[in-house]
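Work through the exercises below with the sequence and the coordinates open. Try each task before reading its solution.

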Amino acid sequence: MKLISNNLRATKSIAHNIAKNISKYNIILLQGDLGAGKTTFTQYLLRKLGVKEVINSPTFNIVKQYHTKNLTINHFDLYRIADESELVEVGFEELITLPNSLSIIEWPAIAKHYIRGQILNITISYNGDGRVFNMEEENV
Ligand SMILES: Nc1ncnc2c1ncn2[C@@H]1O[C@H](COP(=O)(O)OP(=O)(O)OP(=O)(O)O)[C@@H](O)[C@H]1O
Ligand SMILES: [Mg+2]
């Protein structure tokens, strides 16, 4: 499915619609160039899911964990991961397989072999000043 987002309000509405169906997924993969809007989307989604804390980019810590009433949420940014062994150091597989967890992964390519579950693949592309969201479900 393809959706156009010409402003932040549209990105927020895409995130809110996904929040309604969040129980279908345990993994959301976010692909797209630098500044495409992966973290922005994640902020809207997690806020809607009930996260009260500040939601910021986990670029330097690789992963930041949040808790809501129903879910443990892991927000990963794998941009700085250069080698698969570093995934082991952050406990990647243990984190993404935690019960009642949702993992949102920016820059997921390096972790491709480790990712299993009910996946929502989102690719955000630049479209003039706006963005296009491409979304595909995948069970691996
Ligand atoms: N339609 C839109 N949807 C989302 N973000 C938008 C949109 N239009 C403009 N922006 C802006 O684009 C920027 C997206 O930054 P963001 O940090 O979310 O990107 P990112 O994909 O996470 O980047 P990185 O790869 O560095 O982690 C923000 O400054 C946001 O305000
Ligand atoms: Mg980001």
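Predicted model: local features only at pLDDT ≥ 70, side-chain atom pairs only at ≥ 80, totals over all residues.

Residues are numbered from 1 along each chain as its sequence is written, chains are lettered from A and ligands numbered from 1 in the order in which they are written, and side-chain values use heavy atoms, with hydrogens and water left out.

**Exercise 1. Helix α2**

Task: Check the span of helix α2 against its number of residues, then locate its buried residues.

Solution: 
- Step 1. Helices (H or I, at least four residues) and strands (E, at least two) are DSSP runs, numbered from the N terminus. Helix α2 takes in residues 38-49, which makes 12 residues.
- Step 2. The expected span is 1.5 Å times one less than the number of residues. For α2 that gives 16 Å, and the end C-alpha atoms are 16 Å apart, so the two agree.
- Step 3. Buried means under 20% relative accessible area, exposed over 50%, and partly exposed in between (1.4 Å probe, protein chains only). In α2 the buried residues are K38, T39, F41, T42, L45, L46 and L49. They cover an arc of only 150° around the axis, so they sit on the same side of α2. The arc is taken over the directions from the helix axis to the C-beta atoms.
- Step 4. Look just past the helix.

**Exercise 2. Helix α1**

Task: Repeat the analysis for helix α1, and name exposed residues on the face turned away from its buried side.

Solution: 
- Step 1. The 13 residues of α1 (residues 8-20) should span 18 Å at 1.5 Å a residue; the end C-alpha atoms are 19 Å apart, which agrees.
- Step 2. T11, I14, A15, I18 and A19 are the buried residues of α1. Their arc around the axis is only 145°, which puts them on the same side of α1.
- Step 3. R9 and K20 are exposed, on the face turned away from the buried side of α1.

**Exercise 3. Ligand 1 and S5**

Task: Find the surroundings of ligand 1, then trace the contacts of S5.

Solution: 
- Step 1. A residue is near a molecule if one of its heavy atoms lies within 4 Å of it. Ligand 1 is surrounded by 16 residues, and the closest are T11, K38, T39, T40 and R131.
- Step 2. A polar contact is a pair of N or O atoms within 3.5 Å; within protein, one must be able to donate a hydrogen and the other to accept it, and residues adjacent in sequence count only if both atoms are side-chain atoms. A nitrogen atom of ligand 1 lies 2.9 Å from a polar side-chain atom of S5. A polar backbone atom of G35 is 2.9 Å from an oxygen atom of the ligand. The side chain of E106 has an N or O atom 3.2 Å from an oxygen atom of ligand 1.
- Step 3. S5 lies in strand β1 (residues 2-5) and is buried, with a relative accessible area of 2%. Its side chain reaches the backbone oxygen of N7 at 3.0 Å. The side chains of S5 and T11 make a polar contact at 2.7 Å.

**Exercise 4. Strand β4 and its partners**

Task: Which strands pair with β4, and in which sense?

Solution: 
- Step 1. Two strands pair if DSSP finds at least two bridges between them.
- Step 2. Strand β3 (residues 63-67) runs antiparallel to β4, joined by 5 bridges. Y66 stands opposite I73. A hairpin of 4 residues connects β3 to β4.
- Step 3. β5 pairs with β4 in the parallel sense over 6 bridges. Here T72 is opposite S101.
- Step 4. In a regular strand the side chains alternate between the two faces of the sheet. In β4, T72, N74 and F76 point one way, I73, H75 and D77 the other, and all are buried.
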